[in-house]
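Work through the exercises below with the sequence and the coordinates open. Try each task before reading its solution.

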Amino acid sequence: MDQLDKLVQTIQASRKYRHVSPALVRAVGARELAVRPRLKEAVKATKNKLHQVGGAYFEAAIDYERALTELETTTSILETLRQIMALHSSTRERLPILDEFYATTLADLPPIHTVLDLACGLNPLARPWLPLSKTTRAEPAEATCTEPAEVAVYQASDIYADMVHFLNQAMSLLGWPGQATVRDLLTDPPTESVDLALLLKAVPCLDQLDREVVPRLLDSLPAKYWLISFPVHSLGGRSKGMVETYEGRFVELMNGRNWTYQRFQFETELAFLVRTQIE
Ligand SMILES: C[S@@+](CC[C@H](N)C(=O)[O-])C[C@H]1O[C@@H](n2cnc3c(N)ncnc32)[C@H](O)[C@@H]1O
């Protein structure tokens, strides 16, 4: 067994990272071994990187079985969805603006039939808040979404297999058409055509892996619209200069593309709705 196989095996044996996409563990591990050949140091550096891009967003391990039971037994689906979204820092931070976030950013779009939520975290649970036509065949009574034409399909991906499994169970339970998959955007960028691609607060994480990941994604994925957002506070609560820094990064990503965009600034998030030239 070579050093890289040993590194991957060690990371996959750890409680915190055992569910992370093996492709990402291998890619990060290979880079770390290239700069620090001692296995122990490379394992530590790989774990640090995985923490920065994913692990840091969990304050505690999520009990997905319990979350699913809550969804099965609740009398208030939307309230329960909010409670579950609070278990991941990124969706929790969006809860205070959830009622306005999608309603505002997506207000002017024509009917959306397909959504691809990249590096999704628990955000697929926010589906009833997207103005997407019907969310489900059996709409929760208190859902706020607008008039249905047909049911939109919602695809999502992230690097955590346990989270993806839970999202599939939840979508199936709620009758929402769509699917979640384990996908590492560093090694496996999607290429399917979609109406709307969501890349929410993921650019800073992906940039930490490799600043070419997001430009490659924008090149490879034919989406009519992109909703791209950035946090305005760090996980530790600091916000100095973040809006300017991330806005600069967004403008850099748009350079050389003949795309137009609208900017939206919310209390906890800076968002851009991008219209590409794809019909
Ligand atoms: C800040 S969170 C954003 C989550 C979600 N988009 C939202 O806005 O609530 C960043 C997400 O990126 C995911 N992620 C990190 N690296 C990734 C990669 N290489 N490929 C796919 N997803 C990744 C993490 O697991 C995490 O869910």
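**Exercise 1. The ligand shell**

Task: Find which helices each supply at least two residues of the shell around the ligand.

Solution: 
- Helices here are DSSP runs of H or I with at least four residues, strands are runs of E with at least two, and both are numbered from the N terminus.
- Residue numbers start from 1 along each chain as its sequence is written. The model is predicted: local features need pLDDT of at least 70, side-chain atom pairs count only at pLDDT 80 or more, and totals for chains, interfaces and linings use all residues.
- Next, take the whole shell. It holds 21 residues, and Gly-54, Ser-90, Ala-119, Gly-121 and Leu-200 come nearest to the ligand. A residue is near if its C-beta atom, placed from the backbone, lies within 6 Å of the molecule.
- Now sort by class. The shell has 13 nonpolar, 5 polar and 3 charged residues. Ala, Val, Leu, Ile, Met, Phe, Trp, Tyr, Cys and Pro count as nonpolar, Asp, Glu, Lys and Arg as charged, and the others, Gly among them, as polar.

**Exercise 2. H2 and its partners**

Task: What are the crossing angle and the handedness for H1 with H2, and for H2 with H3?

Solution: 
- Start with helix H1 (residues 3–12). Its axis comes within 9 Å of that of H2, and the two cross at roughly 130°. Axes are lines fitted to C-alpha atoms, for helices over the stretch in contact, and angles run from 0 to 180 degrees between N-to-C directions.
- H1 and H2 are therefore oblique. Angles under 35 degrees count as roughly parallel, over 145 as roughly antiparallel, 65 to 115 as roughly perpendicular, and the rest as oblique.
- H1 passes H2 in a right-handed crossing.
- H1 contributes Gln-3, Leu-4, Leu-7, Val-8, Ile-11 and Gln-12; H2 answers with Pro-22, Val-25, Arg-26, Gly-29, Ala-30 and Leu-33.
- Turn to H3. H2 packs on H3 at about 130°, with axes 9 Å apart. The crossing is right-handed.
- Val-25, Val-28, Gly-29, Glu-32 and Leu-33 of H2 meet Ala-42, Ala-45, Thr-46, Lys-49 and Leu-50 of H3. The classes are 6 nonpolar, 2 polar and 2 charged.

**Exercise 3. H4 against H8**

Task: Decide how helix H4 (residues 64–73) is oriented relative to helix H8 (residues 161–174).

Solution: 
- The packing angle is about 10°, and the axes are 10 Å apart. H4 is therefore roughly parallel to H8.
- H4 uses Tyr-64, Ala-67, Leu-68, Leu-71 and Glu-72. H8 uses Asp-162, Phe-166, Gln-169, Ala-170 and Leu-173.
- The contact divides into 7 nonpolar, 1 polar and 2 charged residues.

Conventions. Left-handed = near helix turned anticlockwise from the far one by under 90°. Contact = placed C-beta atoms within 7 Å.
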